[in-house]
Amino acid sequence: MTSQSLRRLWPAVLLGLVAGFQGGLFGVGGGIVMVPGMVLFLAIPQHRAHATSLAAMIASSAAAVIPLALSHSIDWDTAGFLVVGSMLGAYLGARMFSRIPEVWLAGGFVLLALASAVRMLIERDAAGVAQTGTPGIDASWIGVIGFVLVGFFAGALGALMGVGGGIVNVPALVTIYSFEQHLAQGTSLAVIIPTALVAAITHGRRGHVDWRLAATLACGGLGGGYLGGWTASKVNGALLRILFVCFLLLMVGRMMVRTWRRAREARRKTAAPTPAAESLEEGEV
C-alpha cells in the first residue's frame, strides 16, 4: 500500500462511518455525504466519486436495514414494486452517466442536496416517532404502476447523482402514499441495496468505480449504517436532522465554490491559444 493510500485510509473510513450513519438515520443511502466528501477531502474526480459512492453504500444500506427490519419498519411488498422500477432506472442512469459534463453533474448534485435540506427542514415527523403500522396501500394496477414509476425515477437519479434514491423514495412514500416516516425510510433502504448494486456493476464495467476506496468506505459504512438505522428506530432525530442540514449546506457551499473554480479554469484553458496556434500566428506575421 502506498503512502498516499495510507494517508487517505482513515479519512475514508471516517467518511464512510458518517455517511453510513446519515444514510441509515434518514433512509437515503449516504451518498449525499460521500460524494462531496470524496470530492472535497479525498480529491476524487466528480464522476468517479459518484460511481464509487454507489458501490460503498451497498454495505452501509444493508447494515442499516437490519435494525429497521427487526423493528418491522419495512413494507416488503412495496419494496418489491419499487425495486422493479429502480433497477431499470439505475441501469439506464448509469449508462448515461459518462455523457454528462462534470460541471453539470456537480450542479445537479448541489440542487439535489439543497432539495434534501429543504425537505428535512420542513419535515414534521422526527426520525424517532413510533411506528403506527402499515398504511393502506393502493393494490390496484394504478397504485402498482405508481410505485414502479417512483422507483424508476429514484433509481435513475440515484445512478446519475451517486446517491441511493432515498431522496426520492422517502418523500414520495410519505406524501403520496401516506407512509409513516419510519416505514418510508426502512422501505427505502431495502430498495437501495439492489439498486446501488446494479448501478455499481454498470459503472464498474465502464471503469468509473474505485473499488479499493469503495471497500474502505464500506468498512466505516457498516458500523455507521447499523448505528444510524438503530438510532432511527429508537431516538427522536429532530436535533440531529437540523445539525445534518447545517452540515449539508456547508458542503454544498464548498462544492459550489469548487465547481465554479474548475469551470473558470476550464474556460481559461479553452480560451488560451495553443503553442501550435501561436507559432502559426508568428509565422503569418
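This is a predicted model: local features need pLDDT of at least 70, side-chain atom pairs count only at pLDDT 80 or more; totals for chains, interfaces and linings use all residues.
The chain is made up of 12 helices and 0 strands, and its order along the sequence is accordingly written α-α-α-α-α-α-α-α-α-α-α-α. Of its 285 residues, 52% count as buried. Among the contacts with a separation of 6 or more, 84% are accounted for by residues 24 or more positions apart. The accessible surface of the chain comes to about 13400 Å², and 68% of this surface belongs to carbon and sulfur atoms.

Aromatic contacts were examined next. A pair of aromatic rings is described by the distance of the centres and the angle of the planes. A search of the whole structure finds 2 aromatic pairs. One of them joins Phe81 and Phe147, whose rings are stacked with 6.3 Å from centre to centre and 5 degrees between the planes. Because Phe81 belongs to helix α5 (residues 76–96) and Phe147 to helix α7 (residues 141–161), this pair ties together parts of the chain that are 66 residues apart in sequence. Tyr177 is located in the loop between α8 (166–175) and α9 (181–205) while Phe147 lies in helix α7, so the pair ties together parts that are 30 residues apart in sequence. Both Phe147 and Tyr177 are buried, and the ring pairs link Phe81, Phe147 and Tyr177 into a cluster.

Just after α2, Gly27 takes a positive phi of about 70 degrees.

On the surface, a nonpolar patch is formed by Ile66, Leu70, Tyr226, Leu227 and Trp230, which together have about 520 Å² of accessible area. At least two residues of the patch are supplied by each of α4 (46–70) and α10 (211–234), and the largest share, 3 residues, comes from α10. Leu70, a member of the patch, is found in helix α4 and counts as exposed at 64% relative accessibility, because the cut-off for this class is over 50%.

A further buried position is provided by Ala184 in helix α9, which counts as buried at 0% relative accessibility. When residues up to four places away in sequence are not counted, Ala184 touches Val170, Leu173, Val174 and Phe179. The C-alpha atoms of Ala184 and Thr78 are separated by 9.8 Å, although these two residues are 106 residues apart along the chain.

Terms used. Residues are numbered from 1 along each chain as its sequence is written. Side-chain values use heavy atoms; hydrogens and water are left out. Rings of Phe, Tyr and Trp (its six-membered ring) pair if their centres lie within 6.5 Å; planes under 30 degrees apart count as stacked, over 60 as edge-to-face and the rest as tilted. Helices (H or I, at least four residues) and strands (E, at least two) are DSSP runs, numbered from the N terminus. Buried means under 20% relative accessible area, exposed over 50%, partly exposed in between (1.4 Å probe, protein chains only). Patches are made of residues with over 30% relative accessible area and no salt bridge: like charges are joined within 9 Å, nonpolar side chains (Val, Leu, Ile, Met, Phe, Trp, Tyr) within 5 Å. Accessible areas come from the Shrake-Rupley method with a 1.4 Å probe; for residues, only the protein chains shown count as cover. A salt bridge is a side-chain nitrogen of Lys or Arg within 4 Å of a carboxyl oxygen of Asp or Glu. Contact means heavy atoms within 4.5 Å.
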